[in-house]
Amino acid sequence: MKSHQNISLAQFTSLSVGGYAEELILPDNYDELKILIENNPQANILGYGCNVLISDSGLPGTTIALRNGSITIDGTLVIADSGVWWDDMVQTVINNHLWGFELMSEVPSSVGGAVFGNIACYGQQVSDTLSWVEVFDRTDGKIYKLLKKDIDMSYRSSVFQQRPELVILRAAYDLSLEPKQELTYDSALAIGEELGLDHKTLADCRAIIIETRRRAGSIYHYDDPSVEHSAGSFFRNPLVSTDLATELAKFDESGKTLERIQHQSLVHGGDTHRASAAHVLLASGFKRGQSWGPVQLHDKHVLKIVTHEGATATQVYDVVQEIVTTVSDKLAIQLDPEVKFVGKF
Ligand SMILES: Cc1cc2nc3c(=O)[nH]c(=O)nc-3n(C[C@H](O)[C@H](O)[C@H](O)COP(=O)(O)OP(=O)(O)OC[C@H]3O[C@@H](n4cnc5c(N)ncnc54)[C@H](O)[C@@H]3O)c2cc1C
């Protein structure tokens, strides 16, 4: 395992901002993680830092970053340690001809972070296939196996967001020999057609998703220094009334019909009453590419906050506060950040 004292955490997050960790430890495997967490039950837990904003004042004490682990496949059951890079698992599963992750190809995440946030895209989510999760409970130092029914998963949410005493050690998924969800997302289908790929085969479906994500600026890899710095969509899609959802859909700039927008709300958020947070920002007067010094709204995706050289976590936090306040004042909608604020703000 690797251990660092007083090291900048910015390099361990996709937003590339934030202060120093007093101590940062990266276990190499499941056994090391188990011993580490038993000896440091109060440690801060990070995966690949793709959904956190870490304070400029940094994190005192020990921080454990879960960035290693192994994958085993037994028939259709896949078990992965929480530090496994999500897409390594997706690729392995596809190599084994199993369906269930293909639409979530290249979501930047650890296996643990994916369960914590119930990641989702293009109509597939972790809770569709999750079977059980093994956790370390910091309150009694014991290890438990939680079944999906105990994990309370919903749109971008799981029980772990309310129970920080539980550290996810590994997760098991029950996948399928047959496709369970079909790709129905317009832009991805169009890309598939353009590239002559068949979304009904596993390898082509993965290739279509990766290309769609690439064109949407949604690719991030932790060891690629050339990547854009964001945390993906910063806000959850809010639940609103039918009338307001219809009104907000008018801010769509892609030329889609109301019916297709509602379909995509369903695919993204599981509910036609969940308006696109991007439409909410546009309706509140925010613009794609708008910037506050080195902090910017993505020029294609207004919902992504991007940082440039010299940005600080405080600057990102201030932009988030401005967005939340403006949206509340103008539309009476309470926007909920998907990104976790870690440390003092
Ligand atoms: C470019 C980009 C595109 C994205 N696209 C998508 C997308 O399409 N769909 C989607 O759903 N998300 C997307 N995201 C968000 C991100 O991929 C997910 O939130 C991801 O699950 C974060 O995983 P992580 O390992 O980086 O977690 P981190 O950011 O390191 O941690 C996030 C939270 O999870 C907790 N946590 C992490 N691991 C554990 C564990 N083992 N036990 C307990 N708690 C833990 C942390 O304490 C923290 O509170 C995107 C992000 C980026 C940067």
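User: Hi! Which domains is the chain divided into?

Analyst: Hello! The chain has domain 1 (2–65), domain 2 (71–174) and domain 3 (229–342). Keep in mind that this is a predicted model.

User: Thanks. How far apart are the C-alpha centres of domain 1 and domain 3?

Analyst: Those two centres lie 29 Å apart.

User: And how many residues of each are in contact?

Analyst: On the domain 1 side there are 14 residues, and they are in contact with 16 residues of domain 3. Strand β4 (residues 52–54) gives the most to that side of domain 1, with three residues.

User: Switching to strands. Do β1 and β2 run parallel or antiparallel?

Analyst: Antiparallel. Strand β1 (residues 2–8) is joined to strand β2 (residues 20–26) by six bridges. As a landmark to click on, Ile 7 has Ala 21 in β2 as its bridge partner.

User: What about β2 and β5, parallel or antiparallel?

Analyst: β2 and β5 (residues 59–65) run parallel, with four bridges between them. There you can find Ile 25 standing opposite Ile 64 in β5.

User: What holds paired strands together in general?

Analyst: Strands of a sheet pair through backbone hydrogen bonds, in either a parallel or an antiparallel way.

User: Good. In what order do the four strands of the open sheet come?

Analyst: The order is β13-β16-β15-β14, with antiparallel pairing. At the edges are β13 (229–233) and β14 (291–292), each of which pairs on one side only.

User: Now the ligand. Which residues come nearest?

Analyst: Gly 47, Asn 51, Gly 112, Gly 113 and Gly 232 come nearest, out of 32 residues around the ligand. The elements giving two or more residues to that shell are β3 (44–46), α3 (111–117), β8 (120–121), β12 (166–174) and β13.

User: Which element gives the largest share?

Analyst: That would be α3, which supplies five residues of the shell.

User: Last one: how many residues of the shell are nonpolar, polar and charged?

Analyst: The shell around the ligand has 18 nonpolar residues, 13 polar ones and one charged residue. The glycines I named for you, such as Gly 112 and Gly 113, are among those that come nearest to the ligand.

Terms used. Residues numbered from 1 in each chain as written. Predicted model: local features only at pLDDT ≥ 70, side-chain atom pairs only at ≥ 80, totals over all residues. Pairing = 2+ DSSP bridges. Near = placed C-beta within 6 Å. Nonpolar A, V, L, I, M, F, W, Y, C, P; charged D, E, K, R; others polar. Domains from an automatic or database assignment. Contact = placed C-beta atoms within 7 Å.
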